[in-house]
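The sequence and structure come first.

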Amino acid sequence: MTVADILDKITADKIISEQDIAKLLCCTDDDEQQLFSLANQTRQSNVGNEIHFRGLIEFANFCSNDCYYCGLRRSNKKITRYRMTDQEIIETGQLASRLGYRTLVLQSGEYPDYSAKELADLVYRLKTINDFAITLSIGQRSLTDYQLLLSAGADRILMRHETSDSALFTRLRPGTNLTARLSLLTQLRELGYQIGLGNMVGLPGQSLMSIVQDILLIQTMNADMAGIGPFLPHPQTPLAACNAGSYTLSLHELAIVRLLVPRIHLPATTALATICPDGQLAALNCGANVLMPNLTPHKYRKLYTIYPNKAGITEDPLDSHQRLLYLVGRANRTIASDRGDSLQNRR
Ligand code: SAM
Ligand code: SF4
């Protein structure tokens with residue numbers, strides 16, 4: 001089958017074979033343009049022209065995990081650890097409200113020492129500033145913790161599956177396993193959370209067919225959101241000498257996910273902006289409909305280095321906001337004024 005035949009088949013029934021997905025991942029030239037163009041049309045007709053801004057607050061960089069790919073891993077002794085004060089977090093929420101944000105993403109390392117009660121109090125206080133949707137990106141915690149956070153007003157979980165290859169998952173995330181992460185995500189959805197999955201592209205040891213499985217996993221889990229971006233090597237990790245993931249492959253995965261899960265929310269990730277200056281614009285043109293401006297105060301940003309040279313690292317919150325506002329104009333799109341909740345059909 002040609003790429004054009006595969007794209008016709010996706011448009012008709014949303015089902016294609018693993019081999020066809022692999023072929024789309026590797027397509028080039030005119031075939032690539034057709035893939036991007038169909039993904040862009042699919043985005044337009046299913047989630048519209050609006051871009052949802054989700055304000056990212058990287059509130060702490062302590063982590064008890066030791067993921068091989070991440071600069072926040074507990075074995076990285078060269079990083080200065082921080083936690084924003086409650087007051088700083090609330091002030092960031094107030095700034096977000098003034099700037100018109102309807103979603104806040106609270107992100108940190110996975111660190112059980114922060115009690116669920118402390119986090120729940122923060123969620124509750126942020127919700128009194130504005131009717132924000134609150135996304136938690138804090139890693140795996142007990143269902144009881146997540147139940148408390150839900151009661152305090154949290155709405156969504158962003159917990160990427162990282163890789164669908166379970167052996168690779170455990171190799172790169174010592175002491176953890178994919179089954180537990182996926183099962184937690186399923187339980188969180190049943191509790192009432194909207195859930196975000198996603199993976200890195202180009203992890204050392206990752207095969208093309210495992211990226212095919214990443215795409216199928218996002219589809220079968222009927223994810224509300226998926227964050228997709230290239231792996232970027234961090235110098236203070238065991239993967240320092242590895243190559244970065246492919247920019248092109250990341251865009252292809254994004255476009256294919258848009259075709260297979262038309263109403264999913266897909267961010268143009270910071271990792272794409274880091275690997276290529278116009279990476280987020282390219283993502284917006286091949287399926288993405290979300291941007292996550294970084295609202296973390298300037299003094300903390302360089303300490304939240306999951307990978308080096310992260311786009312926006314020298315900016316303050318207003319700079320980041322303005323830069324992405326400008327990007328929306330360049331993409332000829334508009335900013336959504338609603339919360340941008342899930343558009344997926346629920347059972
Ligand atoms: N600790 C939480 C967790 O792991 O789910 C949330 C914070 S973690 C820093 C957020 C995401 O950063 C991870 O899901 C991972 O995909 C991404 N990440 C970490 N190291 C990376 C790297 N070297 N290159 C690209 N993305 C990376
Ligand atoms: Fe910790 Fe998340 Fe980084 Fe893993 S990816 S080391 S859990 S912050």
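At what angle do helix 6 and helix 8 pack, and how far apart are their axes? The angle is about 35°, and the axes of helix 6 (residues 143–152) and helix 8 (residues 178–191) lie 11 Å apart.

## Basis

This is a predicted model, in which local features need pLDDT of at least 70, side-chain atom pairs count only at pLDDT 80 or more, and totals for chains, interfaces and linings use all residues. Residues are numbered from 1 along each chain as its sequence is written, chains are lettered from A and ligands numbered from 1 in the order in which they are written, and side-chain values use heavy atoms, with hydrogens and water left out.

## Helix 6 and helix 8

Axes are lines fitted to C-alpha atoms, for helices over the stretch in contact, with angles from 0 to 180 degrees between N-to-C directions. Helices (H or I, at least four residues) and strands (E, at least two) are DSSP runs, numbered from the N terminus. Helix 6 passes helix 8 in a right-handed crossing (the near helix is turned clockwise from the far one by less than a right angle; anticlockwise is left-handed).

Helix 6 brings Leu 143, Tyr 146, Gln 147 and Leu 150 to the contact (heavy atoms within 4.5 Å). Helix 8 answers with Leu 184, Gln 187, Leu 188 and Leu 191. This contact has 6 nonpolar, 2 polar and no charged residues. Here Ala, Val, Leu, Ile, Met, Phe, Trp, Tyr, Cys and Pro count as nonpolar, Asp, Glu, Lys and Arg as charged, and the others, Gly among them, as polar.

## Helix 10 and its partners

Helix 3 (residues 29–47) packs on helix 10 (residues 247–260) at about 45°, with axes 9 Å apart. The two are therefore oblique to each other (angles under 35 degrees count as roughly parallel, over 145 as roughly antiparallel, 65 to 115 as roughly perpendicular and the rest as oblique). The crossing of helix 3 past helix 10 is left-handed. Contact residues include Leu 35, Phe 36 and Ala 39 of helix 3, and Leu 251, His 252 and Ile 256 of helix 10. The classes are 9 nonpolar, 3 polar and 3 charged.

Helix 2 (residues 18–25) also meets helix 10: their axes come within 9 Å and cross at roughly 135°. That makes helix 2 oblique to helix 10. Ile 21, Leu 24 and Leu 25 of helix 2 touch Leu 249, His 252, Glu 253, Ile 256 and Leu 260 of helix 10. By class, 6 are nonpolar, 1 polar and 1 charged.

## Cavities

A cavity is a set of points on a 1 Å grid over the protein atoms alone where a 1.4 Å probe fits but cannot get out; lining residues have an atom within 4 Å of a point. Grid points are joined across faces, edges and corners, and a volume is the space filled by probe spheres set on the points. The structure holds 5 cavities of 30 Å³ or more.

Key
1 Å grid on protein atoms, 1.4 Å probe; cavity = no way out; pocket = protein on both sides within 12 Å on 5 of 7 lines; lining within 4 Å.
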